[in-house]
Protein chains: 6
Amino acid sequence: MPTVPLLTDAEASAPARAVFDDIRAKRQTDYVNNFWRALAHDPAQLSATWERLQQVMAPGALDPLVKELIYVAVSVANGCSYCVHSHTAAAKAKGMTPEMHGELLSVIAMASQTNALATALQVPTDDRFTA
Amino acid sequence: MPTVPLLTDAEASAPARAVFDDIRAKRQTDYVNNFWRALAHDPAQLSATWERLQQVMAPGALDPLVKELIYVAVSVANGCSYCVHSHTAAAKAKGMTPEMHGELLSVIAMASQTNALATALQVPTDDRFTA
Amino acid sequence: MPTVPLLTDAEASAPARAVFDDIRAKRQTDYVNNFWRALAHDPAQLSATWERLQQVMAPGALDPLVKELIYVAVSVANGCSYCVHSHTAAAKAKGMTPEMHGELLSVIAMASQTNALATALQVPTDDRFTA
Amino acid sequence: MPTVPLLTDAEASAPARAVFDDIRAKRQTDYVNNFWRALAHDPAQLSATWERLQQVMAPGALDPLVKELIYVAVSVANGCSYCVHSHTAAAKAKGMTPEMHGELLSVIAMASQTNALATALQVPTDDRFTA
Amino acid sequence: MPTVPLLTDAEASAPARAVFDDIRAKRQTDYVNNFWRALAHDPAQLSATWERLQQVMAPGALDPLVKELIYVAVSVANGCSYCVHSHTAAAKAKGMTPEMHGELLSVIAMASQTNALATALQVPTDDRFTA
Amino acid sequence: MPTVPLLTDAEASAPARAVFDDIRAKRQTDYVNNFWRALAHDPAQLSATWERLQQVMAPGALDPLVKELIYVAVSVANGCSYCVHSHTAAAKAKGMTPEMHGELLSVIAMASQTNALATALQVPTDDRFTA
C-alpha cells in the first residue's frame with residue numbers, strides 16, 4: 001500500500017494530467033505506471049522529475065541501456081524494491097540480455113563486498129588516485 | 001589511518017606476496033594499491049577477492065568501462081570514499097571522458113532522488129514489471 | 001511476516017504488558033501497534049525504547065510535528081518500510097497537510113540527489129563550514 | 001581531494017559562471033562553495049541542481065529552517081560528510097539554536113535505532129497505517 | 001516476485017544443478033532455498049557464491065553461530081528483507097536462543113543510533129584508536 | 001572537524017561532567033573519547049546514550065567481545081568511520097585476535113554481497129523461514 005492514493009486520470013489535477021499525457025506520448029503507450037500516479041499529488045515535483053528524467057536518460061556520451069544498468073545498480077544499493085523492479089524491466093525493454101543481467105549483478109555484488117572491506121579497513125586513498 | 005597496518009612486500013606473507021606479484025603482472029605496473037596491502041593480513045580473503053575481481057571485471061557481455069561505471073555507482077550509493085576514488089580513477093584509465101563522467105553522475109543523482117521518492121511513497125510495484 | 005511472533009496481551013510478560021498499558025494510557029487509545037508487540041519479546045528493550053521515545057518526541061525547542069517530519073525523512077533514507085508507514089501516519093495525525101507532505105518529499109528527494117553528487121565528487125568541506 | 005578539480009571563475013565555462021553569479025546574487029555573498037565549483041564541470045547538472053534547490057528550499061507550507069533540519073537528517077542517514085557540514089552550517093545561519101540542534105540529533109538517533117529494530121524484526125505494517 | 005524466475009531443478013543448467021546437489025549434500029536436506037534458485041541463471045556467480053560462503057562460514061577463530069549473528073547484523077543495516085529472514089532462521093537453527101536474539105537486536109539498535117550521532121556530529125577519530 | 005566543539009571538562013556542564021566522571025570510573029581510565037565530548041552539548045542525550053550503552057554491552061547471553069564484533073559489523077554497513085575505528089579498537093582491547101578480525105571482515109564482505117544479490121533479484125522469502 002502506498003502512503004498516498006494512486007491518482008487516476010480523473011482524480012489528477014490538470015497539470016498532473018498534462019504530465020500523464022506527455023508520458024503517454026513520449027513512451028508511446030497508454031500505460032502510466034504507479035510511480036507517477038503517486039507523485040501526482042504534487043504536480044510541481046511530478047513535472048520536475050519527469051522533465052529531468054528525460055534529459056538525464058536521453059542518448060548522450062553514454063547510451064540509454066548503459067544508463068539503465070547504472071540506474072539499477074544505484075537502486076539495488078539503496079534498497080528500493082520498486083525501483084529495482086521498474087528499472088530492471090526498463091533495462092530488459094532496452095535490450096539487456098540475460099548475460100548482461102548476470103554480469104550487472106556480478107559487478108554489483110563485487111562492488112558491495114569491496115566497499116564493505118575498504119570501509120572496515122578504513123583504507124587511506126592512494127595519492128595517485130587523486131592526482 | 002587504516003584499522004590495520006598496510007603491509008609492505010617485506011612484511012607480507014608468502015601467499016600474500018604472490019598475490020601482489022600477480023597484481024603487478026596482470027596490471028603491468030609496479031604499483032600495488034593500498035586496498036590490497038590492507039587486505040594482505042588475510043591472504044585467503046586477499047586471494048579470493050583478487051581472483052573473483054578479475055573474473056567479474058573481464059570483458060564479457062558488458063565491456064570493462066561499463067563495468068567500472070557500475071562499480072562507481074554502487075560505491076557512491078554505499079558511501080565508500082576509497083572506492084569512489086579508486087574506481088573513478090580506473091574508469092578514467094579505461095577511457096571515461098568528462099562527458100561520460102558527467103552523465104554517470106547525473107544518472108546516479110536521478111536514481112538517488114527517485115529511489116527516495118518511491119520509498120517515501122511506498123509505491124506498489126506494477127504488475128507488468130514482474131510479468 | 002515478522003521474525004518473531006507478535007505478542008498479544010495474554011502472551012506478553014507482566015513487564016511488557018505494563019508498557020502496553022502505558023502506551024494505551026499516554027496515547028489515549030486501546031490500540032497497541034505491531035512494533036511494540038514484536039519488541040515485547042525483550043521487555044528491557046521495549047521499555048527503554050518507549051521511555052526514550054517519549055522524551056525525544058515531546059514538545060521542546062522543536063514542535064512534535066517537525067520531529068515527526070524528521071523521523072519520516074530518516075526512515076526513508078534508511079529504507080524502513082514499516083517506519084515510513086507508521087511515522088507518515090503519525091505526522092498526518094499531528095497535522096501534516098498534503099502540502100507539507102509534498103514539501104517534505106521534495107526536500108528528501110533534493111537531499112538524496114545532492115548527497116549522491118557530493119559523495120561522487122568527494123567534495124572537500126569548505127573551511128567556513130567548520131569555523 | 002575531489003574526483004574533479006574545483007573550478008575557479010576563470011576556469012568555468014560561461015554557463016557555469018552564470019550560475020556562480022546567480023548564486024552570489026541570490027545569497028548576497030561573494031562566496032561560492034566547493035559543491036558548486038565541483039559540479040561546474042557539467043553546466044547542465046549545475047544549473048538544474050541550483051534551480052531546483054531554490055524552488056524546494058523556498059518558504060512554503062514548511063519554513064526554510066524546518067527544511068534545513070530535514071536536509072541535515074537525510075544527509076546524516078546517507079552518511080554524506082560534506083552535506084552534514086554544509087547543511088548544519090546553513091541551519092545555524094537560518095536560526096537553528098543549540099537546543100534545536102540537540103533535539104534534531106536526538107530524533108535522528110531515535111529513528112535510526114527504531115528503523116533498525118523494525119527491519120530486524122520485519123514488523124508487518126498495521127492495517128490502520130495504510131487506511 | 002523476483003526479477004528473474006526461480007529455476008526448478010529441471011530448468012537449471014547442468015552446472016547449476018550440480019551446485020544444487022552440493023547444497024543438498026552439504027546441508028543434508030532436500031530443500032534448496034529461493035536465493036540459489038534465483039542465482040542459478042548465472043552458474044558462475046552461483047558457484048562462486050556457494051563456494052566462498054562455505055569457506056567464510058566454516059568454524060574458525062569465530063564459531064558458526066557468531067558468524068550468523070554478524071551476518072544478520074549486516075543484513076539489517078543493509079535493509080535486505082530476504083537476508084534478515086534467512087539468516088535469522090539460520091541463526092536459530094545453529095542455536096540462537098531468544099535471549100541471544102534480543103541481545104543481538106539491542107546491539108544493532110545501539111550501534112545504529114551511535115553511528116548516526118557520530119556522523120551527525122562528524123566526530124574526529126581519537127589518535128589512540130589509530131595507534 | 002566536528003559540527004560542534006568538543007567540550008573539555010572545564011567547558012562541560014555539571015551533568016555532562018558527571019557522565020565524564022562515570023565513564024572514567026567504569027572504564028578505569030582518565031581518557032574520555034571525542035564521541036562523548038561532542039555529545040556533551042546535550043547532557044540528556046549524553047546520559048541516555050551512556051546508560052543504555054552499558055546495559056546493552058554488558059555480559060549476558062552474548063559475551064562482550066561478540067557484541068563488539070556485531071557493533072563493528074553494523075558500523076561498517078552504515079559507513080561510520082569514527083565508529084569503525086573506535087569499535088575495532090574496543091574489540092581488540094576485548095581480545096579480538098588478527099584471525100578473528102579477518103573472519104569478521106570476511107563475513108561482513110560475504111553478507112554485503114549476498115544482500116546486494118538478494119535485493120537485485122528481489123528473491124521472495126521462503127515459507128520455511130517465517131514458520
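Q: Which residue forms a salt bridge with Lys94(A), and how far apart are the closest N and O atoms?
A: In this predicted model, local features need pLDDT of at least 70, side-chain atom pairs count only at pLDDT 80 or more, and totals for chains, interfaces and linings use all residues. Side-chain values use heavy atoms, without hydrogens and water, residues are numbered from 1 along each chain as its sequence is written, and chains are lettered from A and ligands numbered from 1 in the order in which they are written. A salt bridge is a side-chain nitrogen of Lys or Arg within 4 Å of a carboxyl oxygen of Asp or Glu. The partner of Lys94(A) is Glu68(A), with the closest N and O atoms 2.9 Å apart.

Q: Which parts of chain A does the pair of Lys94(A) and Glu68(A) link?
A: Helices are DSSP runs of H or I with at least four residues, strands are runs of E with at least two, and both are numbered from the N terminus. The two residues lie 26 residues apart, in distant parts of the chain. Lys94(A) is in the loop between helix 5 (81-93) and helix 6 (98-121), and Glu68(A) is in helix 4 (residues 64-77).

Q: What is the helix content of chain A over residues 48-124?
A: The unreviewed UniProt entry annotates these residues as "domain: Carboxymuconolactone decarboxylase-like"; such annotations may be inferred rather than shown by experiment. The end C-alpha atoms of the stretch are 39 Å apart.

Q: Which three residues supply 71% of the area that chain B buries against chain E?
A: Buried area is the accessible area (1.4 Å probe) that two parts lose on being put together, summed over both. Chains B and E bury about 530 Å² between them, 49% of it on carbon and sulfur atoms. More than any other three residues, the contributors on chain B are Met1(B), Arg52(B) and Thr130(B).

Q: How many residue pairs are in polar contact across the interface of chain B and chain E?
A: A polar contact is a pair of N or O atoms within 3.5 Å; within protein, one must be able to donate a hydrogen and the other to accept it, and residues adjacent in sequence count only if both atoms are side-chain atoms. The polar contacts, both at pLDDT 80 or more, number two residue pairs.

Q: What rotation superposes chain B on chain E?
A: Superposition is by least squares on the C-alpha atoms of residues with pLDDT of at least 70 in both copies. The shift along the axis is 0.0 Å and the RMSD is 0.0 Å. The copies are thus related as by a two-fold rotation axis, the rotation being 180°.
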